[in-house]
Amino acid sequence: MNIDDVILQHLYDNIGNFVPGVEMCREAEVSRIAIWNRIKGLKKRGFNIESKKGVGYKLVEKGKNILIPFEIRNKLFTDVIGKRIEYYRFTSSTMDEADNLIKAGCSQGTVVIADEQYRGRGRRGKEWFSPRGNNIYLSVILFPEYLSMECGILIMFMGSIAIVKALSDYGIDAKIKWPNDCMVDGKKIGGVLMETTSEGEFIKNVVLGFGININQDEFPHSLENIGISAAAKAKHEIDRVDVITRLLYYLEELYLPLAKGGKGKILDLWKGYSDTIGRKVVVDAGNRVIEGEAKDIDGCGFLLVETNRVLEKITCRESLRYI
Ligand code: BTN
């Protein structure tokens, strides 16, 4: 546990009562000054902490909707994903932090969470709106053993299925627009970004990034009729920690069979949640535009669009809209 975690664990275990600073010093193996400096940082993050000279520190009440890694860890019921959680109050992108962790030799299932991103990125080079405190910005590091590059799209499907399942626990009926946009009432509630490195024909490392709008009540003008949050749909505030624990649980449930080479139920689940199959679509395929009906997905997750009785295979690099 890092120093903040040690402090928070003590304060939470004794919420409403003073805890002597010396207990925290002992466990974190740092000086009183170091604890005091961390307490100042926690207050800035929104924790309502009182200090009394010679007595210690007291958490007056739990801050509203604050993300605390140990709280997530304590609530997790996964075996692999989330055993290590790295939290950042703000960062450029959790994808960047995940890359650094891979280079440093982290283990599979490591999760990176941020409260704010100043260069959050989406698919196809788009920016991902990542203001402070309301939403989920999270990346998961995975090392699948037997997954070919060709079928990498299944990992992305798995991510969007996990989002849809987590949201359905709050009565929110989200659908997936190919390949991985999670939509509610025709507006985007979340998305998945996958960045991979390969070795030969197999995927070596995957960073799977999740952006989910949770308690965002206002969107910038450019996203006004495009984005929606879980709280806006459910008509009440939603606990981000709770959504994260569900998301990671559903992700692991899908990932463990897939990592061993079995495509499992991912294709069928994706089809069940998708609102793309059967729709008339236009696909911008770079050098040409394909217009037709989305008929199905193939065994590796490519979208099959029928145009003039020919089935065209659409990759996830191409952009699609409904007509
Ligand atoms: C999409 O375009 O639909 C994918 C959006 C993915 C956004 C998430 S937020 C956490 C992670 N960090 C990023 O910079 N992007 C992903």
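**Close-up views of a predicted model**

**View 1. A strand pairing seen at the residues Ile297 and Leu303.** The bridge partner of Ile297 is Leu303, which lies in β13. Please keep in mind throughout these views that the model is predicted. The two strands involved here, β12 (residues 289–297) and β13 (residues 303–307), pair in the antiparallel sense, and four bridges join them.

View 2. As a reminder, strands of a sheet pair through backbone hydrogen bonds, either parallel or antiparallel.

**View 3. Two charged ends over the ring of Tyr322.** Have a look at the ring of Tyr322, where the charged end of Arg279 sits over the ring at 3.8 Å from its centre. The charged end of Lys177 also sits over the ring of Tyr322, here 5.2 Å from the centre.

**View 4. Aromatic pairs, with Phe129 and Phe219 in focus.** The model holds seven aromatic pairs. One of them joins Phe129 and Phe219: the ring centres are 6.0 Å apart and the planes make an angle of 45°, so the pair counts as tilted. This pair links distant parts of the chain, 90 residues apart: Phe129 belongs to the loop between β5 (111–114) and β6 (136–142), while Phe219 belongs to the loop between β10 (202–212) and α7 (230–234). Where the cut-off for buried is under 20% relative accessible area, Phe219 is buried because its value is 15%, whereas Phe129 counts as partly exposed because its relative accessibility is 23%.

**View 5. The crossing of helices α1 and α3.** Helix α1 (residues 3–13) meets helix α3 (residues 32–44) with axes that come within 10 Å and cross at roughly 80°. That angle makes α1 roughly perpendicular to α3. To follow the contact yourself, find Ile3, Asp4, Ile7 and Leu8 on the α1 side, and Ile35, Arg38, Ile39 and Leu42 on the α3 side.

Conventions: Residues are numbered from 1 along each chain as its sequence is written. This is a predicted model: local features need pLDDT of at least 70, side-chain atom pairs count only at pLDDT 80 or more; totals for chains, interfaces and linings use all residues. Side-chain values use heavy atoms; hydrogens and water are left out. Rings of Phe, Tyr and Trp (its six-membered ring) pair if their centres lie within 6.5 Å; planes under 30 degrees apart count as stacked, over 60 as edge-to-face and the rest as tilted. Buried means under 20% relative accessible area, exposed over 50%, partly exposed in between (1.4 Å probe, protein chains only). A charge sits over a ring if NZ of Lys or CZ of Arg is within 6 Å of the ring centre and within 35 degrees of the ring normal. Two strands pair if DSSP finds at least two bridges between them. Axes are lines fitted to C-alpha atoms, for helices over the stretch in contact, and angles run from 0 to 180 degrees between N-to-C directions. Angles under 35 degrees count as roughly parallel, over 145 as roughly antiparallel, 65 to 115 as roughly perpendicular and the rest as oblique. Contact means heavy atoms within 4.5 Å.
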